[in-house]
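Subject: Predicted two-chain model for your review

Dear colleague,

Please find below the structure I was asked to pass on to you. I would be grateful if you would look it over alongside the notes that come after it.

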Amino acid sequence: MAGISLHKLRKSFGALTVVHDVDLEIADKEFIILVGPSGCGKSTTLRMIAGLEEITSGELIIGDTIVNDVPSKDRDIAMVFQNYALYPHMTVYKNMAFGLKLRRAPRDLIDRKVHETAEILDIKHLLNRRPKALSGGQRQRVALGRAMVRSPAVFLLDEPLSNLDAKLRSTMRSELTKLHRRLDATFIYVTHDQVEAMTMADRIVVMKDGHIQQVDTPQALYDRPTNMFVAGFIGAPQMNFLPVTISKQNGVPVAEFDGNSLPLPTRLIDRVGVDYAGRDCVLGLRPENFHERPPIDVDPALTVPVEVDVELAEPMGAEVHLNAALRSRSIVARVSPRCQARAGDRLTLTADLSSAHLFDRETERAIGA
Amino acid sequence: MSVIADTPTRPLPARAPISRRWRKVLNALTAYSFIAPNFIGFAVFTLGPIVFAFALAFMHWDGSNPIRFAGLDNFWKLFSDRVFHAAFWNTIIYTGFVVPLTLICSLALAVLLNQKIFGRNFFRTVAFFPYVASLVAVAVVWNMMFHPEFGPVNMVLYTLGVDPSDLPGWAADRHWAMATVIMFSVWKNMGYFMVIYLAGLQGISSELYEAADIDGASGGQKFRFVTLPQLAPTTFFVSVMLIIQSFKVFDQIFMITQGGPGTSTLVLVYHIYNEAFISWDLGYSSMVALVLFLLVLVITIVQFRWTQDRDEDTA
């Protein structure tokens, strides 16, 4: 059992608090990813779990034990560092064997474990090399191997793919997911890359300024963000935000945007209720909610034509990202590669409001969330 | 098209063509002219005397009468010169103790003063001070501190219960003189090498220590498996410098014991000085200098080879 509980975990450096009373339950064998912009406290949280950073207050429980004062080596964890932190003077074999050697494991067990792990990671041919003779991707595998040989209950990974090129990163993403399944251990992974978070995690923890914003599965985060930060952070290109005012038309709440009334889906109408009449809100529309033609699978009452001035068209191969101005507001629309629009064109797109999000402009929280 | 081409240009005045070879020579001469000031100084004041000293090792010369060729006379004299033997072994003993002791003390100081302790900068300055202080001044103070009868060191030993007849005579005692000189040298130089070790320590990535923490290393194991190997290039540099410096030691001996009592602290350079400027046998002293040069050369080559082999073994 290696479930992990964080109860009101706090980290302060003098007067500066970088992690504010974080509460989190991580299930045994879960792949959980802490994501957020630089300085959001995700790495500090991971380092507190690793025992590399002292906990200012709160409780950290691994399994059934409070480990606040337990040294790293006794927490049954292994860590993969952003810059790999391989011992430069040791061969790959010695790097991988080091942890077991310090634990006085029998020599033949060390040898078997190192070779087994090297086999899994396909680095058997590198065992006699030193880290400086390896490429970034190879070093990454060795760092993983060093963590794996000890068969820990929890793997902590601190932005392990950030130093790799885009292609290798995508390969390693799928390999890490497979490795997680194979090792059957708890993975806690820190990244600022929301693509990594979305593709690998069982659950994602979105952090900002030392606070947890939302914890949920990748799809739930995408579909039901609890605030504007999460809505903007998850998804690329990011969600478009339009300032609106809620008013009533024939007794039904609608969103007024720049003199136009935008219909709201039933889901939002129920949440808006009577409280929000006349209030300032923010309407969130994902780039894929803009279409060149009216979508056939959406209630026509929930679509509106919008005229946009194209500022930049970015062809991505499978799709085109249109950066455009909608009544002086910048938006990004994801359209099909057949779209021939070029910078300077005026275009009429169809906005699909069936999956729109609505946020309170003051608190930035999703309405009804 | 660009309008630049329309601007009329005046043809350059014709110049006599310079052959490629001449151009090369001119380039080389220009380069040499830049290094000449330094090189001339080095040639006159360093290279010339070295070559002259090598030649002088095979001559008889007292500094005033004409130089006479001596063949291998000076070389054979080395074998019968008991003072040379004493100086040779004293130099080996001095180096054998000073190098490891200074290495250990400077590394220990560096490790200690690399911690976040109160007054760290003050203690770093205190440790570095003996190196920058005037040798004459510190030697006088050292001689006072270790004075066999009135020095505070012996007084403390006496207070601690050491029998007065067993109190060391330090620089005045032939059994203790070498130890005194060695202690003085270690104390005087460890601050300098501490600074070099501090730079080395600060170059070690903190992630390596964190990785070692996670791997389960204790403080001692981190020192052994991370710090020491990471400091290997620094240790190599420090040991090469220390060995060369120890073989060349003169000033500290001159200030503390003048090579005595007897020949108990007489080292090779001191012997060279005595032979050259007390006995005025410049030929023989040059031969001793040549022996010293070869000794340092061989040891340094062995050291470099050893480091190279070790690097290749672990590569």
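The notes below set out the conventions and then the findings.

This is a predicted model, in which local features need pLDDT of at least 70, side-chain atom pairs count only at pLDDT 80 or more, and totals for chains, interfaces and linings use all residues. Residues are numbered from 1 along each chain as its sequence is written, chains are lettered from A and ligands numbered from 1 in the order in which they are written, and side-chain values use heavy atoms, with hydrogens and water left out.

**The interface between the chains**

In chain A, 28 residues are in contact (heavy atoms within 4.5 Å) with 18 residues of chain B. The two chains bury about 1,900 Å² between them, and carbon and sulfur atoms give 58% of this area. Buried area here is the accessible area (1.4 Å probe) that two parts lose on being put together, summed over both. On the side of chain A, the residues that lose the most area to chain B are A:Y87, A:H89 and A:L102, which together account for 28% of what that side buries.

Between chain A and chain B there are 8 residue pairs in polar contact, both residues being at pLDDT 80 or more. A polar contact is a pair of N or O atoms within 3.5 Å; within protein, one must be able to donate a hydrogen and the other to accept it, and residues adjacent in sequence count only if both atoms are side-chain atoms. Three elements of chain A, namely α1 (42–50), β6 (77–80) and α2 (92–102), each supply at least two residues of the side that touches chain B. Of the elements of chain A, α2(A) gives the most to that side, with 4 residues. Helices (H or I, at least four residues) and strands (E, at least two) are DSSP runs, numbered from the N terminus. By class, the side of chain A that touches chain B has 14 nonpolar, 7 polar and 7 charged residues.

**Salt bridges**

Side chains of opposite charge can pair when their charged atoms come close. Between chain A and chain B the count is 2. In one salt bridge, the side chains of B:E210 and A:R47 meet at 2.5 Å, N to O.

Within chain A, A:D184 forms a salt bridge with A:K29, with the closest N and O atoms 3.7 Å apart. A:D184 lies in the loop between α5 (166–183) and β8, and A:K29 in the loop between β2 (16–26) and β3 (31–35), so the pair ties together parts that are 155 residues apart in sequence.

A:E159 and A:K42 meet in a salt bridge at 4.0 Å, N to O. This pair links distant parts of the chain, 117 residues apart: A:E159 is in the loop between β7 (154–158) and α5, and A:K42 is in helix α1. A:E159 is buried, with a relative accessible area of 10%, and A:K42 is buried at 5%.

In helix α3 (residues 107–121) of chain A, A:R112 and A:E116 lie 4 residues apart, about one turn of the helix. Their side chains meet in a salt bridge at 3.4 Å, N to O.

**A buried aspartate in chain A**

A:D193 is found in the loop between β8 (186–191) and α6 (194–200) of chain A. A:D193 counts as buried, at 17% relative accessibility. The side chain of A:D193 reaches the backbone nitrogen of A:V195 at 2.9 Å.

**Record annotation**

UniProt, in an unreviewed entry, places the feature "domain: ABC transporter" at residues 4–234 of chain A. UniProt positions are given in the numbering used here, feature names are shortened, and annotations may be inferred rather than shown by experiment. Over residues 4–234, chain A is 37% helix and 26% strand.

Yours sincerely

Terms used:
Ala, Val, Leu, Ile, Met, Phe, Trp, Tyr, Cys and Pro count as nonpolar, Asp, Glu, Lys and Arg as charged, and the others, Gly among them, as polar. Buried means under 20% relative accessible area, exposed over 50%, partly exposed in between (1.4 Å probe, protein chains only).
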